[in-house]
Amino acid sequence: MASAYNLSDEILRVFVNTQRSEMTLADLHQHLADHSDRLTTDDLLRVFRSASLINLFNLQSISNDLCLVQLNPKLTLCELCLKRQCRTMRCSKLHLCCFPAHFFRKPSDKECCFPHKLTEHPNNVILLRKFNYDVFDENLLLDLLRLHLKANKENEATNTKPFNPDRRFPAKQSPVHLNNRPPTSSSPTTTPQHRVLKSRPPSTTKKSPMQSTILTENVAERQLDICIPSEKDAPDVDLEIVQLVLATKDIIIERQLDKQVSNDFYRRYTLQFKSKQIVDTLLQTEPVITYNNVPIKMKRTIRQRDARLFAFKFDTDKKIDSMRLNLYVETLVGKHNGDIIDMTPDGSEQQVYLVRCKEPIDFNHLYRIYSTKNTLQGFRVIITEIYAAETLEVSFMPNKPHKPMSIEYLRKLIGETRWQQDVFACVAIHDEYSADIELMNEEVTTNWLLDANRFERDLFLSIRPIIDFIPSPEKNEEDDDEEVTNLLAESPVATSISPSNASVDSSKEEKDLHLYRIKPDWRIVLTHPTFGKDYRKYIRENLNLLVQITGSTIQVPNEHLRKELARHTNMFIQKFVFHEVNNPNKAQVQLIKENYHRMAHKWRQDTTVTLVAAHRDVIDELLVQLTSVSRPSSKTTNTPTLRTRSSTNVKKQTPSSSPKPSNEESLTSQPLLKSNENHTYLLPYSIENSVYFPFFHTSNSFPDRLRTYLSSTYDITLEIKFVSPTKLILELSGQQNLVHEARNLLQSLFTSLKNKTYSNSSTSCKFSIPDVHRVAQWHLDQSGIVSSCTYSPRNSGTLLVRYFAGHPQFGADEQTIDDIILNKLYDKTYQLLGNSKKFEVKLNELQKTIQSRADYGQHICCWFQSQKGSTENTQPPSIYLCGSKPVVNEVYIQVKTLADEYTPTKCDVPLAPNQIVYLLQFCQTEIKKFDKRYEDDGVNILAGLKSDGTSQVFAPKYLHAEVKLFLLEMSQIQMVSKDFKCSSQLLKEKKSEISALASRRHCLLSISSSSLSSSPSLPKVPSSLVINSISVKVGSGEIHVINGDLTKEQADVIVICSTSKLLYEKVIKAAGSEVEQELKGKDLANKTIDTSAGQLRQAKRLFFIPWAPPSAYLNNSDPDSLRQSIMAFIQDAIKFTIQTNLHSIAFPAIGCGGHGIPSGVIATIMIETAQKELLSNPKAQLTVKFVIQQANVCLDFSAKLKPTSGSTTAHRTRTSSPTHSMNEEKVTITLTTSNENVNVARSLLDAIENILA
């Protein structure tokens, strides 16, 4: 199969990824546009006309500018193969693994030996070439064919007839008053005038997508049921008109499902649309479209579960005690929450109780309780969920005048408007008195039931909802045991079984899930007077089921009980031995009659053979008499071929005397003992339990050991025959007594089977490897332990070991098995560090190399698990190794060698801080291009560069030199400086202009002076022009008074008085649009709000607090209110800083401007409050800064800042006095730029000199 990139594979990938079987050419072009901008629709059309795609897709022109691409492969997967019915080696369809779970790539805990790739089957290869499918990517093609098969099954699942209204639930009903209105004494409860919940059995219920295990929810949600009047009432409107009407609204139907109904009342179609959004929009805007006065009504195809109703079913004709039932309901749904309604029909052998709850039911809780208690009064409880009611039975009340029931009369009574809006269709008219109508949805049904009293009072109509039980999902019981067919995949017998030889029982049971069919030979036991009584008692005790055999079938209530009945019947039959007597003489006939009470018999029609069945001890007692004078038959058409051990005294039988059976049903699941005239006995020992099948796999040593042991010990010849996918027979031939001893040996051997499960631990992940069972099996075989190992992906990997315990010849000690599995199976795991896709590719290649080793599955197995999981819980890629210690270590060294070469490691690049700042500020574009080029190698330089001195750049070793060269070339910089004389005030005013100019010329700016120092403009730590600074240590914190700009102060939290217009606008301008958007719509006048710092990179959070002088202070009614409001301002801000684990906060001076409050008063309150907060929170180690721009206010704050009594140390530092701020000082401006940009930097210094002149 082709694996290179091409347009055909990309087309297949689009259909597989979107899980769609058809789409428009425009949609397909849109999906492919990401891969090629130059791709046109004409290019697509040419590709679709190629020899390969023309056999895979159909092109359908809908209009001049609309073309539909439909998946319609001429070569498909064989569905008969999936059903285990196709055994043709030259089939015209593709064959693959026949297990549904494996077929659709679902996880399975059992080994499968069937091919899972198309090219693993020789006939598939021929077909792929014939249809030109061999040019496609094999995995994509297989996924596409699976999608086609799934779509076909969805069509089949939805192609069901609607329910038949004429099939009714038995007559008895119990009155239920949905409005809690008690019944009147004048009305008997059995008359039809009262509303009752009317139930309909599942077989008569209209099927919905909820009943199909194949139809996925997302498909069902895109479907609508369309209803139009019957052809008699609306001859001019049909489905094509509906399609055209929808097309005028730009709504294109994706697919019309085959499911449709047409009768005298209405026509109903199911249509599928492109998306669920189209369905939702239609139902919200126009659920009823009128065209030429004909209503086109729409409703969802999928039906919802009723959240307040469920039912109990008991398979018994006895009433359940009401007290027990009430207590059980209380346990499931809570006290006083459920009303119980008896809905059991008269004469029914099944009790049905409806439970209606006042509140929505927690079904998870209900089933959790049910799993612990699922029996009541000795009978098994069956819980059945119920669809939300959408269909009502409408009937005329007795003794009230009315016309015969008809649609026209109903519409007149109900009203034309309500009928058109609420009624989806009149489903059926039963007689002159009653009809069934289907409403638009559950909400409409609720409204109608609320109006039930008005219907009775005004219209003489009684309405009652029809209850539809949700059936349990169907399940193929053959899927429960996949080991059977896994084993037969390599068996030559398996390929020789024709469809006619498949089990008749299973096919019939699939057609009728409620009938259990008895195998013909078993019937003589189950209908025997003595054995039949024992059988019915056995089933009643184990399943609480009353068995009644009708012909060759037993009727059961549901699929679950049918399976349980089959299993227990098989267990019951295991107690019996079947024996054929050829040409019985009078003495033998008399012997059979005399022992009829303990032996069942049956004469095979058209033969001379009588089949007898009895317990083993009876057969052993009477066997000599039954076989001593038995004469060989000349014709035994229904008897399997008799095989004998080679002997000179034994005649070789010819096919004419003993032909092969025509049907596998002639082989029972119990030993059928036969003898010939030379006293050589053949005992077919049947095995139908799949857990034993792996022991007889061709790769297992057990069959050869068993043959050798039986031959040497009992002189017995053993032949193993796989007669069907679910059955094998061990044929024992030899002397009679030795055959019986060998049979007893086998029975005791197989009953000693035990299981041992191994899972991953904190120190070992060996059981995550799917092939670990092969290595375990090989090591156990090498140790001489008879066992069977299988793997399951459950719980991150599980190994199941089956072995025979306590048997002298084939038994194994559990401790020995533990020692081999846990100690001898050595394992190592390597977890990938970094994010190197190239390393993952190399590990995948190494995994393929390991798997191609001759000793793979013996001394070594491996599994590479690529990265998986959500972004919140991502598991890093890992490679797991397991096997013999020397081999595992050898392979692990190869993994480490690859890791050393391809894993990104730290690359030491000697860069100065100013070089890193320059790279981050001016070279990001070039760095991103470099990272993109080596993305698959795990290189990400930009993420590793940090301006705070913690830079770490990672790259694989083979790229270290290239990364170093690139960074050193990009960071070749020079510094040019110039001294100026200017006032600090002028420099302060012009600083932003100079910074912007330097940034535009790709230069880093640094300013230094005696009173003004500016460090390089780091992205997160911009320089701040500090003129005056005083600090005092208070407890474990500090208080600073600074003459400067609040927006440029270095602090974790900057506090802004949000009611100060000038300060607010200044901060917003400096912080940028990001903060402005965060504050948009917020109530700044009344609430405290914190935001990000935006462009104020020296801070981490901005804290906006509203403040204004209290009115009580302004009118002199409460002078202390000012202190309280300022204290609250300071306390709220400090509390926020401590709670967010930040360590510095900067305040403005509030109230000193437009409010006219003396700055000394403000300073005293703010500083004292700050000191108290620092002393009361010693663990915070907080630095509080008061940043004040006005010189006179700053002096007042400085004067109030004094050491407190609680200070352990206190100090003051003072820079130049504000009175000197206007003096000229020496200023040095330094520009850092690249070597090529030095002349530009020098010109910039000249321009700065002109600015500061």
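Predicted model: local features only at pLDDT ≥ 70, side-chain atom pairs only at ≥ 80, totals over all residues.

Reply: Residues are numbered from 1 along each chain as its sequence is written, and side-chain values use heavy atoms, with hydrogens and water left out.

Me: How many helices and strands does the protein chain have?

Reply: Helices (H or I, at least four residues) and strands (E, at least two) are DSSP runs, numbered from the N terminus. In the protein chain there are 41 helices and 47 strands.

Me: What percentage of the residues count as buried?

Reply: A residue is buried when its relative accessible area is under 20%, exposed when it is over 50%, and partly exposed in between, using a 1.4 Å probe and protein chains only. Of the 1253 residues of the protein chain, 50% count as buried.

Me: Which residues of helix α26 are buried, and what covers them?

Reply: In α26, which spans residues 772–782, the buried residues are V772, H773, V775, A776, Q777, H779 and L780. Their cover includes the strands β30 (787–792), β31 (798–804), β33 (860–865) and β34 (878–883), together with helix α27 (814–824). After α26 comes G784, with a positive phi near 75°.

Me: Which residues form the positive surface patch, and which form the negative one?

Reply: Patches are made of residues with over 30% relative accessible area and no salt bridge, where like charges are joined within 9 Å and nonpolar side chains (Val, Leu, Ile, Met, Phe, Trp, Tyr) within 5 Å. A salt bridge is a side-chain nitrogen of Lys or Arg within 4 Å of a carboxyl oxygen of Asp or Glu. Here K533, R536, K537 and R540 make up a positive patch; K533 sits in helix α20 (residues 529–543) and is exposed, at 59% relative accessible area. A negative patch consists of E231, D236, D238 and E240. D236 belongs to the loop between β5 (223–229) and α9 (239–248), and D236 is exposed, with a relative accessible area of 68%.

Me: Where is N132, and where is D715?

Reply: N132 is in the loop between α6 (122–130) and α7 (138–158), and although N132 is a residue other than glycine, its phi is positive, near 60°. D715, in the loop between α24 (702–714) and β27 (717–724), is not a glycine either and has a positive phi of about 55°. N132 is partly exposed at 29% relative accessibility, and D715 is partly exposed at 41%.

Terms used:
Areas by Shrake-Rupley, 256 points an atom, 1.4 Å probe, with all protein chains shown as cover. Lys, Arg positive; Asp, Glu negative; His and termini not counted. Charge placed at Lys NZ, Arg CZ, Asp CG, Glu CD. Contact = heavy atoms within 4.5 Å.
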